[in-house]
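I opened a new notebook page for this model. I want to go from single features to the whole chain.

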Amino acid sequence: MRITITAVTLVLAYTGLEVLAAKPVHIRGVSEADQSLYQPDENGNWACLNRPDIVLPISRVNDDYCDCPDGSDEPGTSACPGAKFYCANKGHVAAFLPSSRVNDGVCDYEICCDGSDEWAGIVKCENKCREFAAEYAKKQAEIRKTQAAGWNARAKLVAKAAGMRQALEKELVQLETQIAVSEARIAKAREALKIAEVQSSSRVGTKGSPLLGRVKARIEQYQKATKALAERTGILEARLELAQEILQRLSEEYNPNYNDEGVKAAVKAYQEFKESDPGDGDYLHDIAISEADDEELFSEEEIDVDPDVVEYESYLPLQWRLWIHDQKTKLREFLVERGLLAERKPSGETASVAHAKKERDAAENQNRELKSKRDNVAKDLTADFGDDDVFRALAGECIDIESGEFTYEMCFNDKATQKGKSGGPTKLGNFDKIDGGKMYFTNGAKCWNGPHRSAVVEMQCGEKNKILSVSEPAMCEYSLKIVTPALCTKPEAESKPKDEL
Amino acid sequence: MAAFARKGTILTALVFVFLMAAPALSAKKYLFKTCEQAPFCRRNRAYADLAESKSAAWDPPYAIDPSTVSFDGGVFQGSIVKTDTDPTSGQSTVEFPFQLAFLESGSARFVVDEKQRVQSPIPGFPEGLTQRRYNEASKWAVTGDLTPDIGAADVTTDDERKNDIFHVRYGRDRHFEAIVQSKPLQIAFYRDGETHVILNDRGLFNMDGYRPKPTDPTSLSDTLDVKDMWEENFGGKEDKKPKGPESIALDVTFPGYEHVFGIPEHADRFSLRETRGGDGNHDEPYRLFNVDIFEYEVNSPMAMYGAIPFMQAHKKGSSVAIFWANAAETWIDITKNKPNPEALGVRKSTQTHWISESGVMDLYVMLGPDPSSVYQQYGLLTGFTTLPPIYALGYHQCRWNYNSEEDVLEVDANFDLYDIPYDAIWLDIEYTDGKKYFTWLKSMFPTPEKMMQALDKRKRKLVTIIDPHIKKEAGYKVYESLSKNELAVKTDSGEEFNGWCWPGESAWIDTLNPKAVEYWKDQFKIGKFCGHESNLLIWNDMNEPSVFNGPEVSAPRDTVHYGNWEHRDVHNVYGLTFVNATVQALQARHPRHRPFVLTRSFFAGSQRFGAVWTGDNAATWDYLKIVTPMLLSHSVAGFSFVGADVGGFFGNPTSELLTRWYQAGAFYPFFRGHAHIESKRREPWLPGEPYTSLIRTAIKMRYQLLPSVYTAFHRASFDGVPIVRPMFLLAPDNEDALGIDDQFFFGETGLLVKPIVEEGATSTEIYLPDEEIYYDYLDQTIYKGIGYKHIDAPLEKIPILARGGHIFVRRDRYRRSATLMSHDPLTLVVHLDKNGDAAGVLYLDDGETTAHSRGAYLHRFFMFNAQDNILRSRSMQASSAASKSFEKSIDDVRIEKIVVVGLDPGKLKNHAVEAFQDRKSWSTDIHITEVAAGKASVVTVRDPKVLVTGDWSIQF
């Protein structure tokens, strides 16, 4: 039942004092500590707390009319916007409620467990501080427990991460040494190969002339074939363009509201098709080169390649021979690559060349592998794994949750994925960064008619890694809430039991 | 798209293709008919062209047979006979009986039917269809009293009678006259001796009489083309047209009127454009045909989601209107001509041509004389705006979609966290299990009742969407019951009609059928849907109806409804019947609560059921700009409770656009933010500062004005004066203001609001339509004199001027929802007019139940009198037990503050005023602002301690 308060009784009800009463009177909505701020002067006047120039009779404090621009004259009513109402919440934690929630008919127990905010009686709010305090204590204990356990778990992670870092650093040093050794080996192998090749070169290429004849015939064959292919490609491209035009028109003019799954699927597939275009500029460029340059090259070859030329080589200084050898090798590789020349058969090589080559290739491969390993280790060492490097220990570890029709999986510092009951997984994003307690995953699978999927993982302290919830606040933008020991902070020393006033 | 040159690299081509695919917002025009593609429109337009080309020699074939006429009990009736030879039927005459009734409510009603379709069965008439022309548009639209006025007097003189003329005086004080002429057929309406409306002025009256389909189509010949008369095909979809051509058409002239308004819904100017080409004009007629128009265009006469065939004509000193009660597809051509183009000073007249596909001709003529009389006359026919529950006037937060209970409650909590009031959170289609209405997607909404209870803690509501398409799925009880009881729309062969919508294959409930309404009530029953919760509101979408695979995205015209009417006959009223069913269902669920239903589709009369919004707009400035003229068009056509998606449905608004849209939206009668599923989240706290604070300020301003918004709705609910008011309502004699549609007066407040709709604007020009004094609402700068005034409008300012002479009421305390404000004290805001007077009204009730209909409300009148400097509060209602009991429930509500703008401080004796109530008097303090140059003084009465429930006076 509502209590009716007429205007005349309001003033008394709100402040409950005679202006000149000797005994200090309790001001509603003000904490014990601040009660002294509401002492009238000897004339019974009082000034707004932040506006000493505005002076009011003390009777205008809590008279349900806002006089002070800072709202300080109405701590106990809803009259001033922005004012704060103090709930003592005896037996629990005292708190401030925005005064716009005073006497609005809602028991704001979350802040005022004592129900003191609804003093006008629009609703009756019984004091629930006892149960709130019990609940709060229970929750605090749980939080402390979680924090303590989480902090311990985190310490283990940090230790593990430090160990991992140490191992990586050690590995890096080793790799650098190995790389230096391998580079020396390469230099040696290359030198050996060159010498072996030059020494055996007089026996190679003397049969140049018949070979060239065959090459020429082959070239003519290929040129014919290339031309035919180019024509065919032209026709196909024209048809592809036509088909694209048709699909383009469809994708622009169809009505998405029709919900015709067939049309939607077609439009989606077309957009994906466009997205996945490999780009064929290079291919055209290649065709152009092969058509224009080949003839020139071969006409030169025909004129210049005299069987004797090869012979001359043996009279040239070694450096020159090596240079000519290089050029020839390059030309040959060029021809082989384009299928104009058969790859030189190993049988054409002398055993010593083959052996030298093998050694060189092995040395180079080893070097490549070592460098790549080193780069990875170096990258790993400089990557951001959060404070104390803690996520280094978690990287690659995955947790998942079922939500709606999907299972969502999140792998620390790696990727986030959505898996349906049927069909393949959809990538929500690759790891991008850690920032302010959030792990960002970006550049996931593209959405139809939308952006690439992405996910933001909000992390909080927990004893174990666990996904709490998944949502999709905007289409294709996912939000995950997880707990992980990685986010735990050192628990403060247990606070003293609360004041039981 | 042109073919790409072979030589160009494909890469370039692909880049170009990609650019072309960038989203450009334009309606899928090819989906919707032009007049040329609608055979009956094409024929009647050609008929008009023929008449025009013959000019004075035009001899239309229709005339009243004088031997058939009679006048009795306020009704003049007889037969119109078409006498030329129709080659398609061989008949030489067709008879069209008419009635011209003069109603007690002051309107005149002209009904024309077709004799052969009323009489004995026509051999060969399609089985399974009603033989009559559809005559129930008025049944759905008109709830008012249609009793003829037996006082209407035949005043025909002998001379007139000799010329086959009938002359009647009718209406209050017999101010109105009608003169009916038999050949050429013409009906002219006069008020106080002056002509205001002429029917068939240009001789375009035309009705297609029933003819069986000729066996030899080649025998057809006509002066007009006869293509597609018995069947047609549009967009690959066949219309069997079993009844053949049955169109009706009539021209209506408003002599001396240069501006006409209304016929929503179109995304166009408020003052309607000409439609026969020319600079700034349209080439197409305005079309009324309810369609789910995807990405509609602005400044277009294309049909949209709703149709109100009501048109108002206004000129200095006079307002008149007509209502064309027809639910079939309708086209309206508008031209404006001078009778003699050479004549100086002769006013233009507006000529209109109304063309409908089927049905009887049923036209109402309202003669004003002023705008509010027109709205009252129209409201007495089609009903007034329902008085909504007050929380429906707060801010609504919607999105396609809030995805789960957690999502909903998080958004709810964020409103409190960011200190922004709101009243209802909305769920679009994704809350359902597979788009099956009345079900929940349990994985996301496992405990909807608990969610609703959580919202109810702060007196907030949940709005769920319920559409008319019912998924065809075995085991889905809602469908099975609909299907088993044959309550769905049927095909022409009597089977259940199935088409595609959100859920895939669906059936459409036929809410023309009273049994379907009962079935619908059953679905909403307490315990069956949303448990026992009472904070459930409903959103009816897609009720044009939208049928994805149907012609023009709607139901085929040859489908059949209850009563054996073809869909073509009832198309534009279907959406109304669906909302009607939903409202009845909510009333049955909670008989003591006022229901709230939002609809997208509407017809004349839909204002009786709830709110409407302007459909799927987009997040660009153009769409913000078009809202104001659209609100005005809806408002004059009786639909006051209207709004537009704040922020724009499609796309992502910039923070500036979003802020400006909230500033405008705070003054939309229906105030809802909404966003498409593919757009980014944009709840008010997301744009960040300064935007969030500006949006909060705009929303709080709305809540502050709620008592006045509610009072304006109350007025609309009994006399039809809209909330969003055009200039001519307050300045009826200023013809220069008739074309102004980017500003409006807000309810009874006298606040002249000009939403900023330009990117980067920092100032604007507000047009003062009259010689009253205007004050800047926020800083009291004074403006005077008709014409444009420059006003600063940086992003933080909504340009609002307060017109002198108005008193309105605010609640200056902010709560978390409208209901939580109900015990808060009130602030009276007084802006004095140039004589120093002001007056205003306050309406209050419990804001949610139907108790107000039994007298449980408070209605007060305030006036400030310059002569004695006294502000008085007086009751405007008869005291009753109900009113007393309501007053008792708010006897703690006082006036905490009175703000008087424009009072000369020199007239005040001291810094106090005297208050009088209940034979007591006391003195109360005032505060006076110092008067700055160009600004008005503000006198604030501090806590006068007068109660809102009683009479009181304050002597300044």
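**Entry 1: two helices.** I started with a pair of helices in chain B of this predicted model. I looked up helix H12 (residues 621–636) of chain B and helix H13 (residues 655–665) of chain B. Their axes come within 11 Å and cross at roughly 10°. Angles under 35 degrees count as roughly parallel. H12(B) and H13(B) are therefore roughly parallel to each other.

Which residues meet there? From H12(B) I noted B:Trp621, B:Leu624 and B:Val627. From H13(B) I noted B:Leu657, B:Arg660, B:Trp661 and B:Ala664. I sorted the residues of this contact by type: 6 are nonpolar, none is polar and 1 is charged.

**Entry 2: an enclosed strand.** Next I turned to strand E17 (residues 310–315) of chain B. Is E17(B) enclosed or open? I found 6 of its 6 residues buried, so E17(B) is largely enclosed by the rest of the structure.

I then checked the two faces. In a regular strand the side chains alternate between the two faces of the sheet. On one side of E17(B) I listed B:Phe310, B:Gln312 and B:His314. On the other I listed B:Met311, B:Ala313 and B:Lys315. These residues are all buried, and both faces are covered.

What does E17(B) pair with? Strand E15 (residues 259–262) of chain B runs antiparallel to E17(B), and 4 bridges join them. Here B:Phe261 stands opposite B:Gln312. Strand E18 (residues 318–324) of chain B also pairs with E17(B) in the antiparallel sense, over 6 bridges. There I saw B:Lys315 opposite B:Ser318. E17(B) and E18(B) form a hairpin with 2 residues between the strands. In this hairpin B:Gly317 takes a positive phi near 80°.

**Entry 3: cis peptide bonds.** I looked up two cis bonds next. One joins B:Gly368 and B:Pro369, with omega about 20°. I placed B:Pro369 in the loop between strand E21 (361–366) and helix H6 (371–382) of chain B. Another joins B:Glu689 and B:Pro690, with omega about 5°. B:Pro690 sits in the loop between strand E35 (671–673) and helix H14 (691–704) of chain B.

**Entry 4: positive phi without glycine.** I noted B:Gln780, with phi near 65°. This value is positive, and the residue is not a glycine. B:Gln780 is in the loop between strand E40 (774–776) and strand E41 (782–783) of chain B.

Then I took B:Asp943, which has a positive phi of about 40° although it is not a glycine. B:Asp943 lies in strand E52 (residues 938–947) of chain B. Buried or exposed? B:Asp943 has 24 other C-beta atoms within 10 Å. Buried takes 20 or more, so B:Asp943 is buried.

**Entry 5: the whole chain.** Last, I stepped back. Chain B has 17 helices and 53 strands. I noted a box of roughly 90 × 75 × 70 Å for the C-alpha atoms, along the principal axes. Of the 956 residues, 56% count as buried. I also looked at contacts in chain B with a separation of 6 or more: residues 24 or more positions apart account for 72% of them.

How values were computed: Residues numbered from 1 in each chain as written. Chains lettered and ligands numbered in written order. Buried ≥ 20, exposed ≤ 12 C-beta atoms within 10 Å, placed from the backbone. Contact = placed C-beta atoms within 7 Å. Axes fitted to C-alpha atoms, helices over the stretch in contact; angles between N-to-C directions. Parallel < 35°, antiparallel > 145°, perpendicular 65-115°, else oblique. Nonpolar A, V, L, I, M, F, W, Y, C, P; charged D, E, K, R; others polar. Pairing = 2+ DSSP bridges.
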